[in-house]
Amino acid sequence: MITRPTLHASSPGAGSSRASLVDPLTLMSIKNLELRAKVVVEGFWNGLHRSPYHGFSVEFTEYRQYSPGDDPRYLDWRLYARTDRYYIKKFEDETNLRCHLLVDNSRSMGYGSLPYTKAQYANTLAGTLAYFLYLQGDGVGLLTFDEDLRDYLPARHRTGHLRHLMLALEKPAAGAATNLGPPLKRIVETVAKRGMMILISDLLAPLENLEKNLIALVACGHEVLVFQVLDPAELTFDFSKAALFHDLESGRDLYVDPAAIRKAYLQKLETHNNQAKSICEKLGIAYRRFATDRPLELALFDFLRARMERGKHLKRTINRPVKTAR
């Protein structure tokens, strides 16, 4: 069961040094994905006992609206007095999360200016979230994609399932172009019960259909979180010499003078990324951009903070006074 924390720090870097976090370069030298995930999760939990995570609280209450057939003994009458609406307290087994990880394995994810690629970092992020949720007793599923769907595992919590998920994530990125449409459409069609959807991608694809497909996810009642993963060189384009650049998705070779195009490239990338962020914010979707040199413990922090912020929003919605006609 994932819980909604109360964090008493304004940012994950407050009052502590990044030296206490696991350096991604060191982490990625561990060959086994499940072991990498375990290192990150254990480091994260150890970090909760140090600033800035001191005071982490896991107590929370969730409600759902009353439906005909529910046992009225479990109605929250105090909440009814405030809202004039019927709500039932959720039991612990009802709050277990079902989470699907949607992971981009297109060829552009195979790029890396560091000793590891975006795909390896993204798969480690997905594996870390899966390991964390599995330890919490939550069901975790996986859908990997490029221009087509690759692997799909439904959200489960059972012996051996986590291992199958890790094996699927260890497959190298081998597709061509990124197509965000089919995986999002597949999830909408396949997953009937409400849950959480975490999209992990560089989002380096046309965004025309992204909003439409994310709307469909949100309309189904899913909680959605987007992690955009980019290489530091993609964010700075700090290449110094003219060189032949190979487009991983189209296969074309382009001779480029970085000094001549850096400004236009960075402006175009910023416009693209801001558009992706704007789409998410408009739909109430948590959006986080990650460079692949960023410690993955911070991704877990962002994941829990997104859950916390959503919990606060739902609580404000429930507690909002209801205006009655006079």
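**A friendly note on helix α9 and its neighbours**

1. Let's begin with helix α9, residues 258–282: its 25 residues reach 34 Å from the first C-alpha to the last, close to the 36 Å expected at 1.5 Å a residue. That expected span is 1.5 Å times one less than the number of residues. Helices (H or I, at least four residues) and strands (E, at least two) are DSSP runs, numbered from the N terminus.

2. A word on the source: this is a predicted model, in which local features need pLDDT of at least 70 and side-chain atom pairs count only at pLDDT 80 or more, while totals for chains, interfaces and linings use all residues. Residues are numbered from 1 along each chain as its sequence is written, and side-chain values use heavy atoms, leaving out hydrogens and water.

3. Where does α9 kink? The kink, of about 30°, is centred on Ala264; the bend at a residue is the angle between axes fitted to the seven residues ending there and the seven starting there. Just after α9, Gly284 takes a positive phi of about 75°.

4. Now look at which residues of α9 are buried (under 20% relative accessible area, with a 1.4 Å probe and protein chains only). They are Pro258, Leu269, His272, Asn273, Ala276, Ile279 and Cys280. An α-helix has 3.6 residues a turn, so residues three or four places apart point the same way. The buried residues of α9 pack against α7 (210–219), β7 (223–230), α8 (232–236), β9 (253–256) and β10 (286–291).

5. Leu203 sits in the loop between β6 (196–201) and α7, and counts as buried because its relative accessibility is 1%. Leaving aside residues up to four places away in sequence, Leu203 touches Leu180, Val226, Gln228, His272, Ala276 and Tyr287, where contact means heavy atoms within 4.5 Å. Leu203 and His272 are 69 residues apart in sequence, yet 8.9 Å apart in space, C-alpha to C-alpha.

6. Why is β7 described as largely enclosed by the rest of the structure? Eight of its eight residues are buried. Glu223, Leu225, Phe227 and Val229 point one way from β7, and Val224, Val226, Gln228 and Leu230 point the other way.

7. Finally, the partners of β7. Strands pair if DSSP finds at least two bridges between them. β6 and β7 pair in the parallel sense over six bridges, and Ser201 has Gln228 in β7 as its bridge partner. β7 and β10 also pair in the parallel sense over six bridges, with Phe227 opposite Arg288 in β10.

How values were computed. Buried < 20%, exposed > 50% of the residue type's maximum accessible area, 1.4 Å probe, protein only.
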